[in-house]
Structure formats: structure tokens, C-alpha cells
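Here's a quick look at how this one is put together. Have the viewer open while you read.

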Amino acid sequence: MNSTPSRIGLFGGAFDPPHDAHLALARAAIDELGLDVLHVVPTGDAWHKSRPLSPAADRLAMCRLAFASVPGTLVDDRELQRAGPTYTIDTLSELQAQHPTAELWLLIGADQAAFFRHWRRAPDIVALAFVAVATRAGLAPDEPGFDPRDPLPGLDLGAARGVRVLRLPALPHSATEVRARAARGLAIGHLVPSAVAGYIAEHHLYTTT
């Protein structure tokens, strides 16, 4: 990792919990975008989440366990330290202030891209950072949910630095599935890193009793 990174990525999310698809996405972004470092940022008070998140300390600990195996990642707790709702534009602005000569990349999934125009100061985000939208390989242009010809629908990209689509292998992993399986006492080791599975079991996360 360079001491003065020239290309910095931001990968935010609830990570409740982090799973193998998150790691695959991080590896692909670092490789395909040529990132010097990818900041993995667990969200604090997520304005767009309708369900309560697991405690910040648990999500941070799981992220550190999960991404320890991915060179080039840096688990960044800055959003967990903020009071009130946390917004991507604030984190990007802080990174720009810390690394004024660096090229910034924001990594999001196709599901997030669908409502990106509703993010706080979305036009400022695309003016400040390049955006990489990750979608599974083989997605047809007319398949519902994502159109690579219009990766950020409803947003004027005239002043955008640029948008790139990252094609990933299809991985049927989701945090919702992990939580549901853990709640039922089913195995999750095929969905999350072993260290994360152990942490979930040890701390009785996602159980109702």
C-alpha cells in the first residue's frame, strides 16, 4: 500500500454481517480499478435503513475479521464515530481533504445505484468521485433492476467525473440470508468468512433468544 495513495476507493455499507460477496467485490474493485487502498466503511446511523442495525462495535469487529484477508483494504470507523445520520458525501469530502491529490472512487452495488439519485447531495458525489457500480456478470441490458446503459437512473451525469460498471460472478449471498440462517441455527460458514461465523456464534448475533 502506497504511503501517499493516488487512487482511493470507498466501500460503505451496513456490513450486518460482512459476507463472501462483499469480499469478492472488494477484491475485484482493487484489481480492476487499480486502487492503492479501499476504505471499508461500516455505516453509523443509516438514514435509509428501516430496520435497526446490529451494534456498531459488532459490525466493526466483523469487518476487521472479514477484510483482514483482503490486501489493500482498510476498515475505517469514521462513520461510526459521527453523531446522527451518516452520509457518503461527508466521508468523501473528508477523504478529499486528507488526500487532496488522490483520485476518489465510490463503490456501490446495482441495487444502490437504482436509488442513488435520492442520496444526500448525489450530484456533488458524482462531481467529487468516480463511481463504480458492481453487478453480476451476464446481466442482460433489459433485465429489471439495472441497466448498464443508464447506471445511475434519474441523475444528470453531465458534471460527473465518470461511472464504470464492474462485472462480477453471480454470488447468491446476502446479509439478509445470513441473518435468517443464523436466527434459525443453520450453518452460515459457506456464506461468510470462518472468523465472522465464529464471531456471530460466540456473540449470539441475529438470534431471537
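Predicted model: local features only at pLDDT ≥ 70, side-chain atom pairs only at ≥ 80, totals over all residues.

Numbering runs from 1 along each chain as its sequence is written, and side-chain values use heavy atoms, with hydrogens and water left out.

The protein has seven helices and eight strands, taken as DSSP runs (H or I of at least four residues for helices, E of at least two for strands) and numbered from the N terminus. For 209 residues a compact globule would have a radius of gyration near 17 Å, and the protein's 17 Å agrees; that's over C-alpha atoms, with the rule being 2.2 Å times the number of residues to the power 0.38. The C-alpha trace spans about 50 × 40 × 30 Å along its principal axes.

Buried residues (under 20% relative accessible area, 1.4 Å probe, protein chains only) make up 48% of the 209.

Now the nonpolar cores: sets of buried Ala, Val, Leu, Ile, Met, Phe, Trp, Tyr and Cys joined through side-chain atoms within 4.5 Å.

| Core | Residues in core | Members include |
|---|---|---|
| Largest | 38 residues | Phe11, Phe67, Ile200 |
| Another, apart from it | 26 residues | Val41, Leu104, Phe116, Ala129 |

In the largest core, Phe11, Phe67 and Ile200 have the most contacts inside it. Helix H1 (20–33) is among the elements giving two or more residues, and H1 gives the most, with seven. Phe11 touches, among others, His22, Leu25, Val40 and Phe67, contact meaning heavy atoms within 4.5 Å.

Key: Buried < 20%, exposed > 50% of the residue type's maximum accessible area, 1.4 Å probe, protein only. Lists of a residue's contacts leave out its neighbours within four places in sequence.
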